[in-house]
Amino acid sequence: MRVAVFSSKPYDQESLTRANAAFRHELHFFEAALNLQTCSLAENAEAVCVFVHDQIDAHLLCCLAGRGVKVVALRCAGFNNVDLPAAREVGIDVVRVPAYSPYAVAEHAVAMMLTLNRHTHRAYNRVREGNFALNGLLGFDMNGKTVGIVGTGRIGTVLARIMIGFGCTVLAYDLYPNDECKALGVRYVPLDELLPQSDIISLHCPLSEETRHLIDSKAIGKMKRGAMLINTGRGALIDTSAVIAALKSGHIGALGLDVYEQEENLFFEDHSEEIIQDDVLERLMTFPNVLVTAHQGFFTREAIDAIAKITLNNLKQVEAAEPCPNQL
Ligand code: NAI
């Protein structure tokens, strides 16, 4: 199949090219995002392949259909950026990668917890400047602490397993408790119980109308004073302004964000030569107890190889008119 691959960074091009040895699609890579200005690049392509920040709305879908595009292949799990009813209307199939490596994201959440707890982000700079003092670097034993996991699907379950390995008590909140977690010793409780009991809270549920701003000022008020909050889910699970207020008052003791409500125009690109206009994000950067990473939870060799393989296989199945379990 002839595929126009948008928002493709060198690492995407490498993993897709490697995986394509087994599929032999005709891949055309573009670093540009897919939008009305760039959709002419999809000329003669039967499929476009896109990532999380490409906004595939009704107007764009019409243009793609007009150019003969038959498939939109998402290189990610989330599909909130695609207008699915509009895709159906113009006869474009949409496929995605529902799971690739839950370990990648769960392990990144752990990396954020340990960094914030033991202040390794600050120690790294201090030691390089010849400052070997320990003042301000005091951490706590993870062993014996209570970790609250919101959303125990694929990623939340892996995190529960790791946290139990650390000797933590794990509480969880999920609409659909799973047996694997229960067997591990995870205790399911309502969110109102998880919030005040947890020393660390980690978010792993999807973003929906129900979960938007799940952590707002009311929820923060229920949290233990000084608790650590980790978000590797989606930015809008958190009301960022409320979190900033709680960081200022000390109610939140540490914050790790791999995702951010307004990340779309910043993350995945180098803006180091520009003046960043996002005052909320810039305020977050001023706190010594805040760690922000740019949506890199998924970014392991294993995960991007799996994304490439599953994406190309989705395209193969659609091309052969075989049933594709990853079709939306
Ligand atoms: P999953 O679908 O396996 O698990 C999600 C869990 O959340 C399910 O158990 C579901 O029952 C639960 N849930 C749904 N609505 C809920 C609610 N209102 N309250 C509590 N629980 C609720 O998803 P998976 O693979 O574990 O991914 C979780 C999230 O992680 C994704 O939705 C995505 O937003 C995020 N993600 C982030 C990445 C990153 O690079 N930072 C990469 C991949 C996913």
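This briefing walks through the overall build of the protein and then looks at one residue, L214. The model is predicted, so local features need pLDDT of at least 70 and side-chain atom pairs count only at pLDDT 80 or more, while totals for chains, interfaces and linings use all residues. Residues are numbered from 1 along each chain as its sequence is written, and side-chain values use heavy atoms, leaving out hydrogens and water.

**Overall build**

- You will find 12 helices and 12 strands in the protein (DSSP runs numbered from the N terminus, with H or I of at least four residues for helices and E of at least two for strands).
- The radius of gyration is 21 Å, close to the 20 Å from the globule rule for 328 residues, so the protein is as compact as a globular protein of that length (taken over C-alpha atoms; the rule is 2.2 Å times the number of residues to the power 0.38).
- Along the principal axes, the C-alpha atoms fill a box of roughly 60 × 50 × 35 Å.

**Burial**

- Of the 328 residues, 48% are buried (under 20% relative accessible area, with a 1.4 Å probe and protein chains only).

**A look at L214**

- L214 sits in the loop between β9 (200–203) and α9 (217–222).
- With a relative accessible area of 17%, L214 is buried.
- Leaving aside residues up to four places away in sequence, L214 touches V150, L191, C205, A219 and L237 (contact means heavy atoms within 4.5 Å).
- L191 is 23 residues from L214 in sequence, and their C-alpha atoms are 9.8 Å apart in space.

Definitions and conventions. Buried < 20%, exposed > 50% of the residue type's maximum accessible area, 1.4 Å probe, protein only.
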